[in-house]
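Dear colleague,

I am passing on the structure we spoke about, together with some notes on what came out of going through it. Please have the sequence and the model open beside this message as you read.

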Amino acid sequence: MAAYLKIKSQFFEHPSESHLVNLASGGFNYWMSFVTDPLTVLFFLFWEAFVLRTNPIGLVLSYGAGLLSWSLLEYTFHRWVYHKGRTPAHHGHTLHHESPQMLIAMPWFIVTVFLACVWYVFAYRLQLHFVLGFFAALTTGFVFYGVFHHIHHHFNFQNPRYRRLRAHHIIHHQYPNVNFGVTSRLWDHVFGTRYSKEVKKRERGNIASPLMTDK
Ligand SMILES: [Zn+2]
Ligand SMILES: [Zn+2]
């Protein structure tokens, strides 16, 4: 909480921005998204399969495309939105880096309202196939991101493969310019942001902004 108050006074010149991060903090918001997002996934799949009567193979393919897209979106958001600029998302993520055990998450209703708009425009009004299947998978990925991220900071399972993934994220907290993947290490390999001894040396030289890049 002390870290929260410190960063709050440091960053938030605008009351609306401070209010948004207040909404993102705390157990109620944190746990609500673990309820509303899976329910939205079920609703989207139900609507796609039984109301729009989408071909099952097409539904599976659109869901698979959504899962792959999530993986890249997770990396993109973490690297270029959570760690850049002066947005509430960046400030909220800074709080998480300062205080990794604190329960802070995107306000649950922002995701729900956005997905409700997707449903209304693309499925209810335009009756397009595959859009809900795709967004159901994106939302599934978002839920897995939340689950994995929570486990990384609150548990320590012994499975060797999982331990490598957890270490990947814990290193990110120490060196915020590397290891952006949370559910997968794939995109850090692809974009060359995987932690290495060379990166460590460079990071040690860059002590002007040890916590976040903010450029
Ligand atoms: Zn973290
Ligand atoms: Zn981060």
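I will begin with one helix pair: helix 3 goes past helix 6 in a left-handed crossing. Please keep in mind throughout that this is a predicted model. The axes of helix 3 and helix 6, the latter covering residues 108-125, come within 9 Å of each other and cross at roughly 15°. Because angles under 35 degrees count as roughly parallel, helix 3 is described as roughly parallel to helix 6. On the side of helix 3, the contact is made by Asn-29, Met-32, Ser-33, Thr-36, Asp-37, Thr-40, Phe-44 and Trp-47, while helix 6 contributes Trp-108, Val-111, Thr-112, Leu-115, Trp-119 and Ala-123.

Helix 3 spans residues 27-51 and includes Asp-37. Apart from neighbours within four places in sequence, Asp-37 is in contact with Val-111, Thr-139, Phe-142 and Val-143. With Val-111, which is 74 residues away along the chain, the separation between C-alpha atoms is 7.9 Å.

The other residue is Phe-44, which, when residues up to four places away in sequence are left out, touches Trp-119, Leu-132, Phe-135 and Ala-136. Phe-44 is also listed, along with Leu-132, Phe-134, Phe-135, Ala-136, Ala-137 and Leu-138, among the residues with the most contacts inside the largest nonpolar core, which has 16 residues. Helix 3, helix 4 (56-82) and helix 7 each supply at least two residues of this core, and helix 7 gives the most to it, with 9 residues.

Helix 7 also holds Gly-146, which is partly exposed because 18 other C-beta atoms lie within 10 Å of its own. Not counting residues up to four places away in sequence, Gly-146 touches Ser-33, Phe-34 and Ala-105. Gly-146 and Phe-34 are 112 residues apart along the chain, yet their C-alpha atoms are separated by 7.9 Å.

Turning to the protein as a whole, it contains 10 helices and 0 strands. Buried residues make up 24% of its 215 residues. Of the contacts between residues at least 6 apart in sequence, 71% join residues that are at least 24 apart.

Finally, a word on confidence, which should be kept in view when you look at the ends of the chain. The mean pLDDT of the protein is 87, and 82% of its residues reach 70 or more. Confidence is highest in helix 7 (residues 131-154), at a mean of 97, and lowest in helix 1 (residues 2-11), at 48. Over residues 1-5 the pLDDT is below 50, and this stretch has 7 contacts in the model beyond near neighbours in sequence. Residues 207-215 likewise have a pLDDT below 50, with 13 contacts beyond near neighbours in sequence.

With best regards

Notes
Residues are numbered from 1 along each chain as its sequence is written. Chains are lettered from A and ligands numbered from 1 in the order in which they are written. This is a predicted model: local features need pLDDT of at least 70, side-chain atom pairs count only at pLDDT 80 or more; totals for chains, interfaces and linings use all residues. pLDDT is the predictor's confidence in each residue, from 0 to 100. Helices (H or I, at least four residues) and strands (E, at least two) are DSSP runs, numbered from the N terminus. Two residues are in contact if their C-beta atoms, placed from the backbone, lie within 7 Å. A residue is buried if 20 or more other C-beta atoms lie within 10 Å of its own, exposed if 12 or fewer, and partly exposed in between; C-beta atoms are placed from the backbone. A nonpolar core is a set of buried Ala, Val, Leu, Ile, Met, Phe, Trp, Tyr and Cys residues joined through C-beta atoms within 7 Å. Axes are lines fitted to C-alpha atoms, for helices over the stretch in contact, and angles run from 0 to 180 degrees between N-to-C directions. Angles under 35 degrees count as roughly parallel, over 145 as roughly antiparallel, 65 to 115 as roughly perpendicular and the rest as oblique. A crossing is left-handed if the near helix is turned anticlockwise from the far one by less than a right angle, and right-handed if clockwise.
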